Amino acid sequence: MKPKILVTRKISDGAEEKLKKEFDVNLNLQDEPIPTDDLIKMGNDYDGLITSGFDKVGEEFFSNLNGKLKIIAHVGVGYDNISIKAAEVKKIKVTNTPNVLNEAVAETTILLILAASRRAGEAYNLVRSDNWKNQKPDLTKFMIGNSVTGKTLGIIGMGRIGRIVAQSAKAFGMKIIYYNRNKLSEDLEDGAKYYSDLNSMLPECDFVSIHTPATPDTKNILNASTIGLLPNHAVVINTSRGSTIDDNALIDALENKKIYGAGLDVFNNEPNLDNRYTKLDNCFVLPHIGSATHETRLAMSMMAVDNIYCFFNNKPLISEVV
Ligand code: 8YV
């Protein structure tokens with residue numbers, strides 16, 4: 001009998017085709033979200049699960065399992081929606097999709113850096129609302145933003161994505177500094193200056209961009225006190241997880257012009273973000289599209305399928321979390 005696999009959301013066509021060849025699959029072709037309570041009930045009908053960041057796979061899911069489910073292949077590099085401790089207790093393998101999305105997330109980061117500093121959101125809204133013609137074209141005031149070229153980018157979390165962001169930012173002549181748990185080898189640093197202490201780095205940042213996973217250590221890493229250390233022309237960028245930022249502190253800094261702006265792709269409580277963000281001209285917001293390219297989503301979907309394939313064919317997993 002072929003192992004039974006549940007795919008909780010629509011994944012890329014090529015990956016679904018590949019999965020169908022080997023397994024007894026339940027695909028979600030309509031892409032209807034499965035309510036958490038239903039997912040908990042369904043967990044016992046399958047040998048493997050392919051999940052997305054939209055699913056809540058918490059302790060209750062695992063405590064209800066009867067031993068059939070063996071592996072969860074998550075489509076995403078971050079897996080904070082899955083209770084890893086509970087998976088470990090139940091001896092269920094969890095895999096993720098690192099590396100294949102590095103470039104896409106770095107592209108989104110650069111997009112946010114440019115959009116926030118050059119007021120792209122405000123400018124775009126102006127044209128779309130047909131109000132451009134009502135503006136006085138003032139050489140020193142009309143949609144004047146800040147240059148990116150030559151500025152200092154502080155990276156919080158110099159992992160794989162952070163390093164590609166650094167590489168791309170250098171194309172704009174940006175100077176790279178970083179805060180990380182450990183100093184990188186010179187090779188990986190590639191000229192970036194290390195700060196072992198976040199508080200010492202922040203005053204040096206024209207831009208600060210977060211590239212850490214969501215952990216208890218990174219929760220609210222940007223808060224009232226750390227944001228208070230940024231210069232008032234600074235721009236905060238986030239393509240990691242919303243939990244790294246204290247919303248009240250960032251919104252206060254944006255509203256009261258304690259910093260210049262923000263470019264955010266991720267939020268606490270997505271998709272129900274704090275709607276004060278959407279009312280701020282100096283905040284450019286995106287709906288968590290960091291990895292949303294055809295190429296990347298296909299590669300992520302394929303990686304999840306390949307992890308499932310490896311598991312049921314007794315081959316080493318490609319990217320094992322636990
Ligand atoms: C996905 C992400 O959009 O990989 C991640 O951690 O946040 C994104 O690439 C999300 O996980 C959807 O599954």
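In this structure, P271 is located in the loop between β11 (261-264) and β12 (283-285), where helices (H or I, at least four residues) and strands (E, at least two) are DSSP runs, numbered from the N terminus. The peptide bond that joins E270 to P271 is cis, with omega at about 0 degrees. The structure is a predicted model, in which local features need pLDDT of at least 70 and side-chain atom pairs count only at pLDDT 80 or more, whereas totals for chains, interfaces and linings use all residues. Residues are numbered from 1 along each chain as its sequence is written, and side-chain values use heavy atoms, with hydrogens and water left out.

Two residues with a positive phi were also found in loops. M143, which is not a glycine, has a positive phi of about 55 degrees, and its place is the loop between α6 (120-128) and β6 (152-156). M143 counts as partly exposed because its relative accessibility is 23%; in this scheme buried means under 20% relative accessible area, exposed means over 50%, and partly exposed lies in between (1.4 Å probe, protein chains only). D190, likewise a residue other than glycine, has a positive phi near 50 degrees and lies in the loop between α8 (186-189) and β8 (193-195). With a relative accessibility of 45%, D190 also counts as partly exposed. A further loop residue, E32, is placed between β2 (24-26) and α2 (36-42), and it counts as exposed because its relative accessibility is 52%. Although E32 and T8 are 24 residues apart in sequence, their C-alpha atoms are 8.6 Å apart in space.

Salt bridges were then considered, a salt bridge being a side-chain nitrogen of Lys or Arg within 4 Å of a carboxyl oxygen of Asp or Glu. By this rule the count comes to 15 salt bridges. One of them joins the side chains of E16 and K10, with N to O at 2.9 Å. E16 counts as buried, because its relative accessibility is 4%, while K10, at 30% relative accessibility, counts as partly exposed. K10 and E16 also belong, together with D13, to a network of salt bridges.

Another salt bridge is made by the side chains of E17 and K20, at 3.3 Å from N to O. Both E17 and K20 lie in helix α1 (residues 13-22), where they are three residues apart, about one turn of the helix. E17 has a relative accessible area of 42% and is therefore partly exposed, and K20, with 40%, is partly exposed as well.

D80 and R241 form a salt bridge in which the closest N and O atoms are 2.9 Å apart. This pair links distant parts of the chain, since D80 lies in the loop between β4 (71-75) and α4 (84-89) and R241 in the loop between β10 (235-238) and α11 (247-255), 161 residues apart. D80 counts as partly exposed at 44% relative accessibility, and R241 is partly exposed with a relative accessible area of 22%.

The packing of helices was examined in two pairs. Two packed helices are described by the angle between their axes and the distance between the axes. Axes are lines fitted to C-alpha atoms, for helices over the stretch in contact, and angles run from 0 to 180 degrees between N-to-C directions. Helix α1 and helix α12 (residues 294-312) pack at an angle of about 15 degrees, and their axes are 8 Å apart. This angle makes α1 roughly parallel to α12, given that angles under 35 degrees count as roughly parallel, over 145 as roughly antiparallel, 65 to 115 as roughly perpendicular and the rest as oblique. In the contact (heavy atoms within 4.5 Å), G14, A15, K18, L19 and E22 of α1 meet L298, S301, M302, V305, D306, I308 and Y309 of α12. By class, this contact of α1 with α12 comprises seven nonpolar, two polar and three charged residues, where Ala, Val, Leu, Ile, Met, Phe, Trp, Tyr, Cys and Pro count as nonpolar, Asp, Glu, Lys and Arg as charged, and the others, Gly among them, as polar.

In the second pair, helix α5 (residues 102-117) and helix α7 (residues 160-170) pack at an angle of about 50 degrees, with 9 Å between their axes, and α5 and α7 are therefore oblique to each other. The contact is formed by N102, E103, V105, A106, T109 and I110 of α5 together with R160, I161, I164, V165, S168 and A169 of α7. The residues of this contact of α5 with α7 divide into seven nonpolar, three polar and two charged.
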